[in-house]
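Hi everyone, thanks for coming. Let me put the chain up on the screen, and then we can walk through it together.

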Amino acid sequence: MSRSLPMRKVAVVGSAGRMGRWFTHYFERTNTVNVSVYDKKGLSFRNSQCIHHCETIRACVEEADLVIVCVPIETTVSVVQECLTYMKEGAALSEISSIKKQIFSVLQAARKDITCLCIHPMFGPGTKGSRIIKNLLIPVGNRANELAVLSSIFPGSEIEVISDPDLHDEYMAVVIGLTYYVNLVLGSMLSKLDLRTMKRVAGTSFGMQVLITESILNDSPELISSLLRENPFNTTYINDFLAEAENIQKLVSGKEERAARRAVEDIKTRINRLTDTDKSYLKFYRAIEYLKTFHNKKWN
C-alpha cells in the first residue's frame, strides 16, 4: 500500500545554495510546516517563525519528517550518509543530484525504516510557484510509496519515472550536458564579439538562443563545471556532437551545393519522424509573443 508523507517538520541541508534556498522558501510558503536549515556557509534567512537555523547536520535532520539534500554533486554521497545516521524512524530523505549512479547505491543500502527518494528536479531556482514543476524519479525500493511521497511534497506536479540511474545519467548527458556544452561554446564566442549590437539588430531566433545561453551562464561556474565533468556519458555525446559538426562544416564549406542541401533535408526528415517541426515553429513564436507581453507588462 502506498502512503503520503505527513510533513510537520522539513529539513533542508545545503540551504545556502540556490536550490536549497528555493526549497526553503517553497516549504516556508506553505505555512503548514517548520523548516530547519543547515549549510556550512551559514546563510541566514529573513526573520521567519517557520525557519530555524541549525549549527550541525544532526540538529537539522534528527526531528525532521522529510530531509531534502541540496548540496553539490561531489559531496552528495557523504552528506546523505551523514543525514541517514541521525534521521528518525519513519522519515523520508530526498536528494536532488543531477547525476545518480553513485548516490543511488547509497540510497539502496539505507536503513529500511527510511523512505529514500532519488529525484531530479527539472526546473531551476528561478521557478515561481509549483504549477510548472517537473520531477524525475528513479525508484529506489517501493515505487508506489516513493511516488506517493513525492506527490505529497509537490501536489499536482508532473512526475516522470526513469527505471534506473544509468539510464537517467545517459539521458542527462544530452538533456543537460550537451545543452550546457553547446551554450558554453557559443557564449565563449559571443563574449569576443559586439554582442550588444548583435542583439539590437537580431531577429527572433538569435534573440531566443542568446536568452538561453545567458540564462545557462547565470548558473555558478562550480555547477556548470560539475555538470560537464561528473557525468561519464558526457564524453561520448560531446564527441559525437563534434564529429557531426565537422561533417556539416565540410558540407557547407564545400563546392557541392546539392550535398549540403541533401544533408539538411536528411536531418529535417529524421527529426520529423520524431516530432512535428511545424508545431514546434508555432510554439516558438507563441513563446516569443508571451515574452513580449510579459516584458511590456513589467516595464509599463
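Let me start with a question: leaving aside its neighbours within four places in sequence, which residues is E89 in contact with? The answer is R111 and D113, where contact means heavy atoms within 4.5 Å. E89 sits in the loop between α3 and β5 (92-95). With 67% relative accessibility, E89 counts as exposed. As for the cut-offs, buried means under 20% relative accessible area, exposed means over 50%, and partly exposed is in between, with a 1.4 Å probe and protein chains only. From C-alpha to C-alpha, E89 and D113 are 5.5 Å apart in space, and in sequence they are 24 residues apart.

A quick word on where this comes from. This is a predicted model, in which local features need pLDDT of at least 70 and side-chain atom pairs count only at pLDDT 80 or more, while totals for chains, interfaces and linings use all residues. Residues are numbered from 1 along each chain as its sequence is written, and side-chain values use heavy atoms, with hydrogens and water left out.

Now the overall picture. The chain has 12 helices and 8 strands; these are DSSP runs numbered from the N terminus, H or I of at least four residues for helices and E of at least two for strands. Along the principal axes, the C-alpha atoms fill a box of roughly 70 × 50 × 35 Å. There are 300 residues in the chain, and 38% of them count as buried. Among contacts with a separation of 6 or more, 62% come from residues 24 or more positions apart.

On to the helix packing. Helix α3 (residues 76-86) packs with helix α4 (residues 101-108) at an angle of about 15 degrees, and their axes are 9 Å apart. That is why α3 is described as roughly parallel to α4. For those labels, angles under 35 degrees are roughly parallel, over 145 roughly antiparallel, 65 to 115 roughly perpendicular, and the rest oblique. Axes here are lines fitted to C-alpha atoms, for helices over the stretch in contact, and angles run from 0 to 180 degrees between N-to-C directions.

A110 is buried, with a relative accessible area of 8%. Beyond its neighbours within four places in sequence, A110 is in contact with L84 and C116.

The second pair is helix α6 (residues 165-190) with helix α9 (residues 221-229), packed at an angle of about 125 degrees with axes 9 Å apart. So α6 is oblique to α9, and this crossing is left-handed. The contact is made by I176, G177, Y180, Y181 and L184 of α6 and by I224, L227 and L228 of α9. It divides into 7 nonpolar, 1 polar and no charged residues. In α9, the buried residues are I224, S226, L227 and L228, and they pack against α6, α8 (204-216) and α10 (234-253).

Leaving aside neighbours within four places, H168 is in contact with S98, I99, K100, H120, L136, I138 and I162.

Finally, the cores. A nonpolar core is a set of buried Ala, Val, Leu, Ile, Met, Phe, Trp, Tyr and Cys residues joined through side-chain atoms within 4.5 Å. The largest has 42 residues, and those with the most contacts inside it are V13, V61, V67, C83, M87 and L93. Elements that each supply at least two residues include β1 (9-13), α3, α4, α6 and α9. The largest share, 5 residues, comes from α6. A second, separate core of 27 residues includes W22, L66, I68 and I96.

How values were computed
A crossing is left-handed if the near helix is turned anticlockwise from the far one by less than a right angle, and right-handed if clockwise. Ala, Val, Leu, Ile, Met, Phe, Trp, Tyr, Cys and Pro count as nonpolar, Asp, Glu, Lys and Arg as charged, and the others, Gly among them, as polar.
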